Every structure is written in structure tokens, then in C-alpha cells.
Amino acid sequence: MHCDRQPFLAAALLFVAVLTVGASESTLDSHTPGEWPKLMQQALKGDHRAQTRVGLAYQLGEIVKQDFLQAARWYSMAAEGEDPIAEHNLGLLYYFGEGVPCDPAEALKWFEKAAAHGLPEAQFNAARVYETGAGVPRNLGRALDLYREAAHSGYAPAQNNLGRMYLTGEGVAPDPAAAVQWFTRSAQQGNATGQFDLGAVYWKGNGVPQDFSKAAEWFQLAANQGYAKAQAALGSLYRGGWGVPRDDQAAAMWLLKAAEQGDPTAQTLIGILYVKGQGVAADDSLAASWFDKAAEQGFQEAQANLSTLYQMGRGVRRDLNSAYMWRLLSLAGNEHPEQSEKLRALAGAMSAGDIADAERRASDWLAAHKAGPPAKGVNFVLVTGGNQP
């Protein structure tokens, strides 16, 4: 359900709540209890920006106890006065069902109002809702328009997502060259997602000549900011010696950083390094642990590798039932002759009852993971200053 924040926390997409104050309103940006009576006095007199600041204080639990109902009350007052920050943040409360009923259509209404006032975060967030169809009918054309508005105002996340639409051809004719231009604008502002996406097009030669060195440069910048996908990609480049000197220790370091953030590709690759003793001391138990983490996320290469360890009894107790279950899951939804042959070989060493038990476990696993995190979601980030519309 979209109102539950938790499924969206691993996604690479962004919702932003903002508070902006002008230079003459510096007291409203104060987080000290001493400023609270003055702020409340201004809000009660109908100052819409003060009302917005009070709403944010309740939303964040700053100075006062966190209270989403009060946050919604104060945002509503300011939003009725057409304060774009309040409109946007009220939309967030409706989207997540905090202090108000969960209502994505109502959320989108307030995002659109703030977007019409030129707030780039609202333009971006409305576009994300339209792009994903998260609780509302999907509308790629409107998403594209809103991304363009925010991108042309210089908003780096929108520049990056506009680039992705041009790259994939969603809502617009595919144009890899335009995608690269928007990725570059986003990346040059220090946006880690833009840096990663720009590195990826250089890696693949999509819209630009393939250049592993440039890919490594952009991945490095994003990896330094803690962006897990970039850390995994950089580790892969070091592991293969593509665009950088081959360095198993550097590969292991970056892959481990990404793996610890839950990236399943990195978890699988660091598991392989532990099996082979490349860049790290060989350790089948750690390899099995990392394969298991990725396998539980549905990453099929990890499921196949975990099956092998169970079959061989490396790093885990030998267990043909578990080996069969993970091998079967690694084949779900795709054709893979080599893995199918390994499954048949496993079956030859098992009883009919054990096979039935393993198949039941695989079926139970699929049922339990059927409603897992969506591929496209939102991550909630609060920004409390510096974005005057």
C-alpha cells in the first residue's frame, strides 16, 4: 500500500518537503524554543509563512512534540492562503496518510497547486506520482511536462529523471543524446543519481561513445556520496580492470559498502569474492551470508549461488532440500538451460518427498514475497531551507 512508508525506503526516487524563508524572515528559520512564542503569534495573526513554519515544526517534532494532525491543520491554513510550501507539504501528508486520510488524489491536487506556483520540488513530486501511477492514473505526458518545468528551473533531480525518460522513451520519443545532456546537467550539480546515470551511459555507450574511464569518474563521484548503485558499479569496474587498473581490494571495498546498504548486485558480487578469496580472505560462511541477503530480495544469480553452497555444504550445512528450493527459485520466470540441468541433477539425488517439500517451500517463499517493495516508489526527505520559489 502506497501510504506505508516502509516499502519505499530502498527506492532511488525522491519526495522532498521544503521550508523556505526570505532573508528578512530569519527568525522563522530559528529552531530555538525562544523563538516559538513569536512564531506562534505571527501564525495566529494569519502570517501564512509563519503558519507553514509551525506546520513543519509539528511535522518534524522540532521544539514541539511531533503531531501530524497539528501539522496538517497549520499547513491547511497556509495552503488556503496559497503558500506553495504549505500546499506541497500538505500534499505529502495526504500522500502518506499522516494526520489526514491517505488520499493520493488529494495529495496530487496540492502538489499541482504548488507546482503552478513554480515550486520545483512540487513539480518533481507531482511528476513522480504521474510517472509511477502511485495511487492515481498514470500520465506520462503530464509527468514529462512537469519534469521539464522543474529541470529548466535547474532542479537537479528533475533533470536526471527527465534524462531517464528520454533514455527509455517513456512518454517521449527515445533520444539518448538528450538524455546525456540532462544527466550531465544533473551530475554537474553534484546530484549522485545523475552522476550514476551519466556513468552508466558511458559504461554502455548509450548516447555517447563507450568510455569506461569516464564511467569510472562519474561512478566515483556518486560513490563518494554513498550512492549504493554507484559503489557497486565502481567495484565491478575495479574487479574487471575496466577504465581503472584492476584492483581486487578496491573492488571488495566498494562492493562491501554497497552490499551493506542492501544492494543485491553488490551482495552477490562480494559473495563471489569471498568464495574465490579475491580482495578478501576466502570465507564460505560470509559468502553464504551475502548470497542469502541478495537471494531473499529475489536476486536470481544469488539464489543460484546459494543453491550451490547448500548442495556442496560450503559455508552452510549441506542441505539438498534448500539447494533445490533456491535453484528452483533462480529459474522462476526465465529459461536457463544450465540451471535447469543442475536442478534435474539435484532431483536425481533426492526422494520424491524431499522434492515435494522443497517445491512447497519455494511456493511459500514466492507467496510471501509477492507483495514485496515495488520497483518504483518514493523516498521521503525533508529539506528545511534554501529553495525560495
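**Briefing: a helical chain and its packing**

Of the chain's 389 residues, 48% count as buried, meaning under 20% relative accessible area, with exposed over 50% and partly exposed in between (1.4 Å probe, protein chains only). This is a predicted model, in which local features need pLDDT of at least 70 and side-chain atom pairs count only at pLDDT 80 or more, while totals for chains, interfaces and linings use all residues. Residues are numbered from 1 along each chain as its sequence is written, and side-chain values use heavy atoms, with hydrogens and water left out. The chain holds 19 helices and 2 strands; helices (H or I, at least four residues) and strands (E, at least two) are DSSP runs, numbered from the N terminus. Among contacts (heavy atoms within 4.5 Å) with a separation of 6 or more, 54% join residues 24 or more positions apart.

**Helix α7**

- Helix α7 covers residues 140-152, and its 13 residues should span 18 Å at 1.5 Å a residue. The expected span is 1.5 Å times one less than the number of residues. The end C-alpha atoms of α7 are 18 Å apart, which agrees.
- Its buried residues are Ala143, Leu144, Leu146, Tyr147, Ala150 and Ala151.
- The cover over these buried residues includes α5, α6 (120-132), α8 (156-168) and α9 (176-188).
- At the start of α7, a side-chain oxygen of Asn139 comes to within 3.3 Å of the backbone nitrogen of Gly141. A polar contact is a pair of N or O atoms within 3.5 Å; within protein, one must be able to donate a hydrogen and the other to accept it, and residues adjacent in sequence count only if both atoms are side-chain atoms.
- Just after α7, Gly154 has a positive phi of about 95 degrees.
- Glu112 sits in helix α5 (residues 104-116). Glu112 counts as buried because its relative accessibility is 18%.
- Beyond its neighbours within four places in sequence, Glu112 contacts Tyr130, Arg142 and Leu146. Leu146 is one of the buried residues of α7.

**Helix α11**

- Helix α11 (residues 212-224) has 13 residues, which should span 18 Å at 1.5 Å a residue; the end C-alpha atoms are 18 Å apart, in agreement.
- Ala215, Ala216, Trp218, Phe219, Ala222 and Ala223 are buried in α11.
- The elements covering them include α9, α10, α12 and α13 (248-260).
- At the start of α11, a side-chain oxygen of Asp211 lies within 3.1 Å of the backbone nitrogen of Ser213.
- Gly226 follows α11 with a positive phi, near 90 degrees.
- Ala233 belongs to helix α12 (residues 228-240). Ala233 is buried, with a relative accessible area of 7%.
- Ala233 touches Phe196, Trp203 and Phe219, not counting residues up to four places away in sequence.
- Ala233 and Thr265 are 32 residues apart along the chain, with their C-alpha atoms separated by 9.1 Å.

- The axes of α8 and α9 come within 8 Å and cross at roughly 165 degrees. That makes α8 roughly antiparallel to α9.
- Axes are lines fitted to C-alpha atoms, for helices over the stretch in contact, and angles run from 0 to 180 degrees between N-to-C directions. Angles under 35 degrees count as roughly parallel, over 145 as roughly antiparallel, 65 to 115 as roughly perpendicular and the rest as oblique.
- Residues of α8 that meet α9 include Asn160, Arg164 and Leu167; those on the α9 side include Trp182, Phe183 and Arg185.
- Asp197 lies in helix α10 (residues 192-204). Asp197 counts as buried at 8% relative accessibility.
- The side chains of Asp197 and Asn160 form a polar contact of 3.0 Å.
- Leaving out residues up to four places away in sequence, Asp197 touches Asn160, Arg164 and Phe183.

- Helix α16 (residues 300-312) and helix α17 (residues 320-330) have axes that come within 8 Å and cross at roughly 160 degrees. The two are therefore roughly antiparallel to each other.
- Trp365 is in helix α19 (residues 352-369). Trp365 counts as buried at 11% relative accessibility.
- Trp365 touches Ala295, Glu296, Gly298, Gln303, Trp326 and Leu329, not counting residues up to four places away in sequence.
- Trp365 and Met325 are 40 residues apart in sequence and 9.2 Å apart in space, C-alpha to C-alpha.
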